[in-house]
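This briefing is meant for a reader who is meeting the structure for the first time. Please keep the sequence and the model in view while going through the points below.

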Amino acid sequence: MSQPEDLNNQPQQPDLGSELREFGHQIEQAVRTALESERTQQLQKDIMNGVKEIGSQVQSALKAIQEDDRLRELAERGQQALNQAQHSQAAQDFQEVLARGITQLNEQLSAFVTRLQSSTQTPPTTGETTRLDVEDEDKL
């Protein structure tokens, strides 16, 4: 009979599941209370009105831009400069170098994935280390 007394004297450990449920319930109540408050509803109305006002101002600004000949001409010049830059040799060289770099990354990633897949199918072993910066060695 001394054992039940010992158990009664020990502080009870909280049940994690029930504590998590209670915590979730408290969060739900806090969120519901916040959403239902007058202040929250007023903030929602203010935000909606603000968004509508911003939309109206953006539409007015776009209309003004479309009607302004100077801005239209500036936009056309910008488009022409962009087209020229895209067709320049420097842009083509950049695209080519970028494509080669991405190709190398894809090849290395593919090899890495293949190694990962094969390591999950066979027992782990140590072997030769593959360097990812092979090009750096060629430059030395």
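A residue is called buried when its relative accessible area is under 20%, exposed when that area is over 50%, and partly exposed in between. The model described here is a predicted one, and buried residues make up 1% of the 140 residues in its protein chain.

**Overall make-up**

- The protein chain contains six helices and zero strands, and, read from the N terminus on, its elements follow the order α-α-α-α-α-α.
- The accessible surface of the protein chain amounts to about 13400 Å², and carbon and sulfur atoms account for 56% of that surface.

**How helices α2 and α3 meet**

- Helix α2, which covers residues 16–36, packs with α3 at an angle of about 60 degrees, and the axes of the two helices are 5 Å apart.
- With that angle, α2 and α3 are oblique to each other.
- On the side of α2 the contact is made by Ala34, Leu35 and Glu36, while on the side of α3 it is made by Glu38, Thr40 and Gln41.

**A nonpolar patch on the surface**

- Ile54, Val58, Leu62, Ile65, Leu71 and Leu74 form a nonpolar patch on the surface, and together these residues have about 530 Å² of accessible area.
- The elements that give two or more residues to the patch are α3, spanning residues 38–67, and α4.
- Helix α3 gives the most to the nonpolar patch, with four residues.

**Salt bridges**

- The structure holds four salt bridges, and the points that follow describe some of them, including the one between Asp68 and Arg70.
- Asp68 and Arg70 are joined by a salt bridge in which the closest N and O atoms are 3.6 Å apart, and Arg70 counts as exposed, with 65% relative accessibility.
- The side chains of Asp69 and Arg72 also meet in a salt bridge, with a distance of 2.9 Å from N to O.
- Asp69 and Arg72 are three residues apart in helix α4, which covers residues 69–86, so they are separated by about one helical turn.
- Of this pair, Asp69 counts as exposed because its relative accessibility is 55%, whereas Arg72 counts as partly exposed because its relative accessibility is 40%.
- Glu73 and Arg77 form a further salt bridge through their side chains, at 2.5 Å from N to O.
- Both Glu73 and Arg77 lie in helix α4, where they are four residues apart, or about one turn of the helix.
- Glu73 has a relative accessible area of 39% and is therefore partly exposed.

Definitions and conventions. Residues numbered from 1 in each chain as written. Predicted model: local features only at pLDDT ≥ 70, side-chain atom pairs only at ≥ 80, totals over all residues. Heavy atoms only, no water. Buried < 20%, exposed > 50% of the residue type's maximum accessible area, 1.4 Å probe, protein only. Areas by Shrake-Rupley, 256 points an atom, 1.4 Å probe, with all protein chains shown as cover. Patch = residues over 30% accessible without salt bridge, like charges linked within 9 Å, V, L, I, M, F, W, Y side chains within 5 Å. Axes fitted to C-alpha atoms, helices over the stretch in contact; angles between N-to-C directions. Parallel < 35°, antiparallel > 145°, perpendicular 65-115°, else oblique. Contact = heavy atoms within 4.5 Å.
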